[in-house]
Amino acid sequence: SVYEMSGNECCLSTGEVIKVIGFKIKKLIASICENNEVSQFSAKVELPLNFPGLYKVVADKTPYVSIEEITRKVSIGPTRFGHPCFYSPEDIKLANFTVKHGEQITFNSVEVVNGTMAVNCVVVRNNQSHSFTLPLSQEGKFYECEDDQIYTLKEIAEWKIPKCRNRIVKLSNTLHMWDFSNPLPENFDGCLILMPVYEVQAVMKYRKDIVHILSDLDVEVKDITDCYDISSFLQPLSLEDVFERTSMEFPMVAEIMEGPSESKKPYNLLSSGKEIVIYKKYQAARILASEIRSDSPKRHFLIPMSYKGKFKRRPREFPTAYDLEIARSEKEQLHVVATKAFASPHKELFSVSVGDQFLVQQCQTSEILYEGRKKVVDVLACEQILSNTYKKVLLPMYMEGSFVEVIHDKKQYYLSEICKEFRLPFNVKVSVRDLSIKEDVLAAVPGLQFEEEITDSYLLISSASSPVESWEIPVYRLNMLVHLLSKDVQRVVPPVTKTTVEEISKEQYYMVRRYENQTLHPPPRPPKKPT
């Protein structure tokens with residue numbers, strides 16, 4: 001019979017052999033949550049996985065009764081999402097280590113240890129990491145730890161909804177307006193209970209594509225795993241699966257089973273049925289850049305170091321004197337003009353008028369008279385530029401004004417030169433476009449801010465039939481499935497790599513910045529007014 005559900009057409013004949021390769025959440029049914037229960041006034045609404053917004057995961061109050069149950073129901077894997085954390089209300093005594101009650105246990109991976117399935121775990125105690133394993137047979141009560149990260153709905157669906165359980169989330173931030181009517185109440189900022197609706201991902205013996213079957217399809221099946229040779233089926237691999245292969249296994253030839261949804265070049269070339277050569281896996285640097293504009297939405301880009309265009313500097317803006325101190329460098333003197341007036345409450349410190357120009361010198365301390373008592377405060381020493389002389393002045397570091405940089409440097413820079421000579425963030429405009437790119441998207445942008453250098457995972461690929469050029473594809477931002485072919489790679493050395501500037505969405509931009517900044521300490525806050 002032919003079944004059609006929500007646009008998914010599938011022909012299932014009696015006796016058809018299907019190999020189930022996975023379960024995937026297709027959509028989420030959401031209800032407004034009050035006191036960890038569905039509100040009696042809440043109607044159920046359907047949310048697609050690309051519904052905008054960022055959400056915090058509320059820790060599940062129901063404990064797991066064994067490590068085996070956790071591994072069966074919770075996603076544990078090599079990516080940054082696959083490291084769930086739990087705690088036990090009782091001490092766990094191991095051969096060489098005791099996990100104290102209430103300590104956060106991070107689950108990193110599942111593997112065979114001395115012939116027994118176990119979970120590799122880490123506990124951080126007094127800033128020191130302690131690694132150990134817990135066998136799947138370990139019983140007890142294990143509760144989810146509070147999670148201070150924020151996620152998109154798609155990330156929650158893929159990694160943060162345990163099997164056979166619902167998930168409560170709290171809306172943290174709305175990234176952009178939804179194009180269609182919003183199913184949630186206006187200005188909603190509360191909690192939602194998410195109930196997943198699954199689809200079964202399967203392969204058939206004589207088909208090369210992935211079959212998607214909704215879980216509520218009324219069809220009877222029988223498990224014949226133990227009496228059937230499943231090696232005759234194709235083995236689909238995600239880009240993450242390919243990236244986990246050892247470096248010795250590359251290069252390899254693969255056929256695309258399910259191409260990415262992106263229509264931009266070069267991803268539009270990755271259609272189902274196309275054969276590709278995957279030459280190698282590696283980490284590569286990118287410059288995260290955003291369009292400079294006062295209105296939103298801004299465009300965001302990841303620029304490879306191989307970009308051959310040239311840039312000219314554009315003025316930076318600084319909201320406080322503290323930002324001037326952060327931006328100053330030994331290489332050149334920072335020259336700024338004030339665009340907002342500031343009246344100093346202390347006669348020892350300078351009052352700024354619109355149009356005043358300064359050369360920024362250094363941070364120092366100064367004595368001021370405050371309510372009849374002397375106080376020492378942080379100040380920024382500057383030289384005010386007058387018509388034919390300079391005047392030494394002190395600006396309070398807490399000063400909330402507004403300054404715009406005056407650029408004297410007319411030189412054109414390559415991307416690598418900017419990264420070497422200047423501190424980011426840094427404002428630029430493309431002055432000479434990259435002629436190796438047919439359509440250089442950066443050339444049309446009036447101004448760019450280089451925000452930071454990031455490192456990401458890539459696969460280097462080319463077409464198997466006409467390997468004229470190769471290009472890099474991001475492992476964690478491109479959804480596609482391939483299966484490996486037992487073909488020899490005709491050309492082991494990859495052809496010339498095509499420079500690709502990747503434009504990313506607001507959600508992807510936020511995720512890139514979030515993970516890059518996880519290990520960094522936040523910058524110190526500017527000093528407050530004396531009290």
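**Side-chain contacts, cores and strand pairing**

Arg-165 is placed over the face of Tyr-64, 3.8 Å from the ring centre. The structure described here is a predicted model. Tyr-64 also belongs to an aromatic cluster, which it forms with Phe-86 and Phe-107.

Ten aromatic pairs were found in a search of the whole structure. One of them, Tyr-87 with Tyr-143, is stacked, with 5.6 Å from centre to centre and 20° between the planes. Because Tyr-87 lies in strand S8 (residues 85-87) and Tyr-143 in strand S14 (residues 139-144), this pair ties together parts that are 56 residues apart in sequence. Tyr-87 is partly exposed, at 29% relative accessibility. The pair of Tyr-413 and Phe-422 is edge-to-face, because the ring planes stand at 85°, with the centres 5.3 Å apart. Both Tyr-413 and Phe-422 are buried.

In soluble globular proteins, nonpolar side chains tend to be buried together. The largest nonpolar core of the model has 22 residues, and the members that touch the most others are Leu-28, Leu-47, Tyr-55, Leu-153, Ile-156, Leu-192 and Leu-194. At least two residues of this core come from each of strand S3 (18-34), strand S5 (45-47), strand S6 (54-57), helix H2 (153-159), strand S16 (167-173) and strand S17 (191-204). H2 makes the greatest contribution to this core, four residues. Beyond its neighbours within four places in sequence, Leu-28 is in contact with Val-45, Glu-46, Leu-47, Leu-49, Leu-153, Ile-161, Leu-194, Met-195 and Pro-196. Another core, of 21 residues, lies apart from the largest one; its members include Leu-324, Ala-327, Leu-334 and Ala-338.

Strand S26 (residues 357-370) and strand S27 (residues 373-385) run antiparallel and are joined by twelve bridges. Within this pairing, Ser-366 has Val-377 of S27 as its bridge partner. The hairpin of S26 and S27 has two residues between the strands, and Glu-371 there takes a positive phi near 50°. S27 is also antiparallel to strand S28 (residues 390-396), to which seven bridges join it. Here the bridge partner of Val-379 is Pro-396 in S28. The hairpin from S27 to S28 passes through four residues.

Side chains of opposite charge can pair when their charged atoms come close. The whole structure contains 23 salt bridges by the search applied. In one of them, Arg-299 meets Glu-503 at 2.9 Å, N to O. Arg-299 is in the loop between strand S21 (275-291) and strand S22 (300-304), while Glu-503 is in strand S34 (residues 502-504), 204 residues apart. Arg-299 is partly exposed at 30% relative accessible area, and Glu-503 is partly exposed at 27%.

Arg-313 and Glu-332 form a further salt bridge, at 2.6 Å from N to O. Arg-313 belongs to strand S23 (residues 310-313) and Glu-332 to the loop between helix H4 (321-327) and strand S25 (335-338), 19 residues apart. Arg-313 counts as buried at 9% relative accessibility, whereas Glu-332, at 28%, counts as partly exposed. Arg-316 and Glu-405 also form a salt bridge, with their closest N and O atoms 2.9 Å apart. This pair links the loop between S23 and strand S24 (317-320), where Arg-316 lies, to strand S29 (residues 400-405), which holds Glu-405, 89 residues apart. Arg-316 is buried at 11% relative accessibility, and Glu-405 is buried at 6% relative accessible area. Through shared partners, salt bridges join Arg-313, Arg-316, Glu-332, Glu-405 and Asp-409 into one network.

Note on methods
Residues numbered from 1 in each chain as written. Predicted model: local features only at pLDDT ≥ 70, side-chain atom pairs only at ≥ 80, totals over all residues. Heavy atoms only, no water. Core = buried A, V, L, I, M, F, W, Y, C linked by side-chain atoms within 4.5 Å. Buried < 20%, exposed > 50% of the residue type's maximum accessible area, 1.4 Å probe, protein only. Contact = heavy atoms within 4.5 Å. Pairing = 2+ DSSP bridges. Phe/Tyr/Trp six-rings, centres within 6.5 Å; stacked < 30°, edge-to-face > 60°. Lys NZ or Arg CZ within 6 Å of the ring centre and 35° of its normal. Salt bridge = Lys/Arg side-chain N within 4 Å of Asp/Glu carboxyl O.
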